[in-house]
Structure formats: structure tokens, C-alpha cells
Amino acid sequence: MGITKYFRIIEDKSIENRPKILGFKSTFKKAEYLEKENTIIYVKSTGKEIEYTDYLDKTLLLVSDEFKEVVKMYNKDYIYKTVALQEENTTNQKIYWTIEMPSENKCLATSTTFNPHGILDRIVINNEKAEGLTFFRLENKLWNTYIVNLKLAESLLRRNLQGFEIEELQHI
């Protein structure tokens, strides 16, 4: 078994006018809604031009074509579904992909800590349990967190994809 570095991948908070999805309040509603083909999800119009980046993870994981193709090189068995983001009261649309992947909470080391509200505070990955995983999700009813391994992180960064930050995680 080799030691692999893992990173949390999150939306770039410095992008002020990223799309804000309307109407998703429940994880259950998301799953039910995305069963449909050709899903259209509305985003809030702000009067300013929306900056559609390659990675969105607030409310729902959505990635650009280019981002999806890189992930697919490492994860051919994941399910990729098309989602159109449409600005409310306009015909402006941008096509994204949502990725269905299993939750891998088993990869959390026992030294992972949570805040009093049950939100992840400090993520520690158990390398033995995460072995072979390149892109995976940690979840509970309050949150989803997406994790990439070093190989996938480097592949994404080499392509100058935008809209995300990576944060190195501790591992055992």
C-alpha cells in the first residue's frame, strides 16, 4: 500500500458572481429531481454577468465538460448526468454535469473531528481505506464534502480549470 495525499476540493470563494441555484433545500429533493433527463435548474439573476466556472459544489455538485472529462479518466464507472443552469427570467443557459458517486465515509480516520453542530471540523483520511479512490464524497444529512487524490488534483490544475480551491488533508 502506498501513501497518497488527499485534498478537499471546494468552490473558490473569491469569485463573487458565481451562479446561485434556486429552490434546492433538501438532499432528498435533489436526488428525486435529478432522476429526470434533461434537468433544468434555475439560477438567480443578479443584473451582473454570472461567472460560470468549471466547478460548483454549493447546493449541488456541478462540473463543466472539461472538468468531467478529467474526472472520467480516473472514474469511468461514475454516472454523469447533464444539468442545464438557466438564469431566472431569461433564456441564458450553461450546461454542466452532475456526478453520481458513492459516499465513502469509511475513509474518515477516527481522529477526524466535528464541530458541535455535526459539521466536519478537521478531516483526516485513512489511507488504507481510501486506497484506489481518486474522487469521492463524504456526507451526512447536513453536508457533502468532495475529496480528490493527488493524481486527480494535479490533472485538474494542469488544465487551468477554474472555480475551485484545493486544501491538503491530513492522513494516516
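The questions and answers below examine a predicted model of a protein chain.

Residues are numbered from 1 along each chain as its sequence is written. In this predicted model, local features need pLDDT of at least 70, side-chain atom pairs count only at pLDDT 80 or more, and totals for chains, interfaces and linings use all residues, while side-chain values use heavy atoms, with hydrogens and water left out.

Q: Which element of the protein chain has the lowest mean pLDDT?
A: The pLDDT is the predictor's confidence in each residue, from 0 to 100. The protein chain averages 88, and 90% of the residues score at least 70. Where pLDDT is low, the predicted coordinates should not be read in detail. Among the elements, helix 2 has the highest mean, 98, and the lowest, 49, belongs to helix 1 (residues 27–33).

Q: How many helices and strands does the protein chain have?
A: Helices (H or I, at least four residues) and strands (E, at least two) are DSSP runs, numbered from the N terminus. On this basis, the secondary structure comes to 13 strands and four helices.

Q: What is the radius of gyration of the protein chain?
A: This quantity is taken over C-alpha atoms, and the globule rule used for comparison is 2.2 Å times the number of residues to the power 0.38. For 172 residues the rule gives 16 Å, and the chain is close to that, so it is as compact as a globular protein of that length. Along its principal axes the C-alpha trace spans about 50 × 35 × 30 Å. The radius of gyration is 16 Å.

Q: What percentage of the residues in the protein chain is buried?
A: Buried means under 20% relative accessible area, exposed over 50%, and partly exposed in between (1.4 Å probe, protein chains only). Among the 172 residues of the chain, the buried share is 46%.

Q: Which residues touch the most other members of the largest nonpolar core?
A: A nonpolar core is a set of buried Ala, Val, Leu, Ile, Met, Phe, Trp, Tyr and Cys residues joined through side-chain atoms within 4.5 Å. In soluble globular proteins, nonpolar side chains tend to be buried together. The largest core here has 21 residues, and those touching the most other members are I9, Y55, L61, F67, I99, F135 and L156.

Q: How far apart in space are I9 and Y55, C-alpha to C-alpha?
A: I9 lies in strand 1 and is buried, with a relative accessible area of 0%. Contact means heavy atoms within 4.5 Å, and beyond four places in sequence I9 touches residues including Y55, F67, F135 and L156. I9 and Y55 are 46 residues apart in sequence, yet their separation in space is 9.2 Å.

Q: How far apart are the closest N and O atoms of R137 and E139?
A: A search of the whole structure finds eight salt bridges, and this pair forms one. R137 is buried, with a relative accessible area of 15%, and E139 is partly exposed at 25%. Their closest N and O atoms lie at a distance of 2.6 Å.

Q: Which residue is joined to E104 by a polar contact of 2.4 Å between side chains?
A: E104 lies in the loop between strand 6 and strand 7 (113–114) and is buried at 9% relative accessible area. A polar contact is a pair of N or O atoms within 3.5 Å; within protein, one must be able to donate a hydrogen and the other to accept it, and residues adjacent in sequence count only if both atoms are side-chain atoms. The residue joined to E104 in this way is K106.

Terms used: Salt bridge = Lys/Arg side-chain N within 4 Å of Asp/Glu carboxyl O.
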